[in-house]
Amino acid sequence: MSGAFSAESRLIHAGTQRAAGQPATPPLVPASIYISAGEPRPGRGYGRESNPGWEALEQALGAVEDAEAVVFASGQAASMALMLALAKGRDSIVLPSDGYYGTRVLADKLRPHGAVPVHVDLQDLPAVERALAGRGARGSRGAGSSLLWTETPTNPLLRVADLARLAELAATAGAPMVTDNTVATGLLQRPLDSGATASLYSLTKSLSGHSDVIGGAVVSRDGELLAALRAWRSSGGAIPGPFEAWLALRGLKTLPLRIARQSQSALAIARHLAAHPRVAAVHYPGITKPTLELARRQMPDGFGPLLSFEVIPDRAEAADQVVESSTLILPATSFGGVESTWERRGRWAGETAPDGLIRLSVGVEPAADLIADIDAALKTLKTLEAPETPEVL
């Protein structure tokens, strides 16, 4: 479809063959082999190399950022392929200190291969610059020794980093920059336009949006990187199933509608929680003052469905009690689905969240219903109030 149309229109029509008798929506093709004699058609020699469903999904994802996409079996599989493709020969992977814990675990597993994880606060630009230019694992110094892995907003603290400035630092250091854009999605934030080499996505979250599929994707304008990712996917077998690809594409078509509703509701809920007497802190790009203007520049059309907040008292049992007291919001991990979910994030090993932090993924239910449910759950914290200390005479 012509680039003259919006990204929203192109992703809705991706994969559709405009010919008489063809289905109006891309079909599910559960094929493991293709008819092939002589020289095989590129990408269609065997089911581990391609599938019409992948191709339609990749076309839709690429349209969002005017780039090309490679889809994987999961977000972690996509991250692994990126690290294998970009970290080769480099001394370090510079990572956000408050980013997704699964990425930190994965980067640590690459340590025996030479790329040492270096954790840094992405909002501290001088610290990022030092990390990129610092002495690496093999004692080398200079351009090209690092890979910069960014995430904004971060999960679960929703901290916003300046992508354009980070890209400048990465370019100066000769480091490719990856941006985990799962929280924002390509509709709210376009890292490639800011200088990122690749955007990383968990298709499990907002992109598919219905909590019924696991998948991942990388979007890039770098032809060599895209070829390397496809080679790693085929060799490693990190391929999405045809049905998973079909589900992800079906969900992706409603992303513009879902993300607009979720962003609007999440902002209303964040503002409500910021004034709640049982809440010590709220983390959401749309209300966090130190980075509010930056968030508005990078995400002009909304701030996404994910927020987190810290309850009073700051104790694990308090957060658990709130989560368990809900009658509408589901107690579950992941985010971006049509149903609202929340959890005490610190229950996961390796997570850096405070004890009393709850991560809330806002669905498409009416905001008023969600606020009523949250207020009722927070009201139960009265039972955890510490008794008054008797006066010592």
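Mentor: Strands S4 and S5 run parallel and are joined by 4 bridges. Helices (H or I, at least four residues) and strands (E, at least two) are DSSP runs, numbered from the N terminus, and two strands count as paired if DSSP finds at least two bridges between them. The model is predicted, so local features need pLDDT of at least 70 and side-chain atom pairs count only at pLDDT 80 or more, while totals for chains, interfaces and linings use all residues. Residues are numbered from 1 along each chain as its sequence is written, and side-chain values use heavy atoms, with hydrogens and water left out.

Within this pair, Val-178 of S5 has Trp-149 opposite it. S5 covers residues 177-180: Met-177 and Thr-179 point to one side, Val-178 and Asp-180 to the other, and all are buried. Buried means under 20% relative accessible area, exposed over 50%, and partly exposed in between (1.4 Å probe, protein chains only).

S4 and S5 belong to an open sheet of 7 strands with mixed pairing, in the order S1-S7-S6-S5-S4-S2-S3. At its edges are S1 (68-72) and S3, each of which pairs on one side only. From one strand to the next the twist averages 20°. S2 and S3 run parallel and share 5 bridges, with Val-94 standing opposite Val-118 in S3.

H4 lies across S2, S3 and S4, at about 165° to S2. Axes here are lines fitted to C-alpha atoms, for helices over the stretch in contact, and angles run from 0 to 180 degrees between N-to-C directions. H9 (residues 223-236) also packs on the sheet, where it touches S1, S6 (198-202) and S7 (216-220), and its direction makes about 15° with that of S1.

The buried residues of H4 are Tyr-101, Gly-102, Thr-103, Arg-104, Leu-106 and Ala-107. An α-helix has 3.6 residues a turn, so residues three or four places apart point the same way. The cover over the buried residues of H4 includes helix H3 (75-86) and strands S2 (92-96), S3 and S4 (146-151); contact means heavy atoms within 4.5 Å. Gly-114 is buried, at a relative accessible area of 14%.

S10 and S11 pair in the parallel sense over 2 bridges, and Trp-342 in S11 is the bridge partner of Pro-331.

Trp-342 returns in the largest nonpolar core, which has 77 residues: with Leu-61, Leu-307 and Phe-309, Trp-342 touches the most other members. H11 gives this core its largest share, 7 residues. Apart from it lies another core, of 25 residues, including Ala-77, Met-83, Leu-110 and Ala-115. A nonpolar core is a set of buried Ala, Val, Leu, Ile, Met, Phe, Trp, Tyr and Cys residues joined through side-chain atoms within 4.5 Å. Beyond its neighbours within four places in sequence, Phe-309 has contacts that include Leu-273, Val-279, Trp-342, Leu-357 and Leu-378.

For the whole protein, the secondary structure comes to 14 helices and 12 strands. Of its 393 residues, 54% count as buried. Among contacts with a separation of 6 or more, 69% join residues 24 or more positions apart.
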